[in-house]
Amino acid sequence: LPRITHQNRSSFIIFFQAIQIITGILLDCLGLLWMYLFFTQIFAFGATYTPIALLTAYPFWSSWLFIFSGAFTVLLEKRRSPFLVSYALVVNIISACISVIGLLLLSIEFIKYSKSSKNPLWPQVSTRKLVNSFQNICSY
């Protein structure tokens, strides 16, 4: 078995925290995309649909929490202090709880949309295009 050294562990932690920071950035960009689609859906589809995640502004405040959580853990690997250890631990626990809230919001969104939608709106159209693209890629 390979031996885990401090340098391997440090690079391992920084790698996963970089993924957490990138996830926060992508979630923020997704929120901006949802805002654009929300404001242009009347022109494109002639109807309106308000996502729950957009009403709660989940993509915006959760993305910043993910970014701060990853950044403080990376900072903790660079400089050790009792304050940073406790702060990084608390922020990572809150980040995990916020992720669960995001999953619950998406579950409620799927249930609400499947029960109430009669005409295909932008969430359904974009999902169909994504599924069709995935099927085309897999068919090769």
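Among contacts in this chain between residues at least 6 apart in sequence, 70% join residues at least 24 apart, where contact means heavy atoms within 4.5 Å. Please keep in mind that this is a predicted model, in which local features need pLDDT of at least 70, side-chain atom pairs count only at pLDDT 80 or more, and totals for chains, interfaces and linings use all residues. Residues are numbered from 1 along each chain as its sequence is written, and side-chain values use heavy atoms, with hydrogens and water left out.

**Overall build**

The chain has 5 helices and 0 strands, giving the pattern α-α-α-α-α when read along the sequence. Helices (H or I, at least four residues) and strands (E, at least two) are DSSP runs, numbered from the N terminus. Of the 140 residues, 27% count as buried; here buried means under 20% relative accessible area, exposed over 50%, and partly exposed in between, with a 1.4 Å probe and protein chains only. The accessible surface of the chain comes to about 9,900 Å², and 73% of that belongs to carbon and sulfur atoms. These areas come from the Shrake-Rupley method with a 1.4 Å probe, and for residues only the protein chains shown count as cover.

**Annotated spans**

An unreviewed UniProt entry carries the annotation "transmembrane region" for residues 12-37, 57-76 and 83-108. UniProt positions are given in the numbering used here, feature names are shortened, and annotations may be inferred rather than shown by experiment. In the model, residues 57-76 are 95% helix and 0% strand, and the end C-alpha atoms of this span lie 29 Å apart. Residues 83-108 are 100% helix and 0% strand, with 37 Å between the end C-alpha atoms.

**The second largest pocket**

Rolling a probe the size of a water molecule over the atoms shows where empty space is left. On a 1 Å grid over the protein atoms alone, a cavity is a set of points where a 1.4 Å probe fits but cannot get out, while a pocket is an open set with protein on both sides within 12 Å along at least five of seven lines; lining residues have an atom within 4 Å of a point. Grid points are joined across faces, edges and corners, and a volume is the space filled by probe spheres set on the points.

By that account, the second largest pocket holds about 170 Å³ of space. The elements that give two or more residues to its lining are α1 (6-45), α3 (58-78) and α4 (82-116). The largest share, 5 residues, comes from α4. Among the lining residues are Leu-27, Trp-34, Tyr-58, Phe-66 and Ser-99. The lining divides into 9 nonpolar, 2 polar and no charged residues.

**Individual residues**

Ser-63 lies in helix α3 and is buried, with a relative accessible area of 0%. Leaving out residues up to four places away in sequence, Ser-63 touches Gly-24, Leu-27, Asp-28 and Tyr-58.

Gln-20 sits in helix α1 and counts as buried at 15% relative accessibility. Beyond its neighbours within four places in sequence, Gln-20 is in contact with Phe-66, Ser-69, Gly-70, Asn-92 and Ser-95.

Ala-57 belongs to the loop between α2 (52-55) and α3. Phi of Ala-57 is near 60°, a positive value in a residue other than glycine. With 26% relative accessibility, Ala-57 counts as partly exposed.

Ser-10 is another residue of helix α1, and it counts as buried at 15% relative accessibility. Phe-110, in helix α4, counts as exposed at 59% relative accessibility.

Here are some pairs brought together from separate parts of the sequence:

| Residue pair | Separation in sequence | C-alpha to C-alpha distance |
|---|---|---|
| Gln-20 and Phe-68 | 48 residues | 9.3 Å |
| Ser-10 and Lys-78 | 68 residues | 8.9 Å |
| Phe-110 and Pro-51 | 59 residues | 9.7 Å |

Definitions and conventions:
Nonpolar A, V, L, I, M, F, W, Y, C, P; charged D, E, K, R; others polar.
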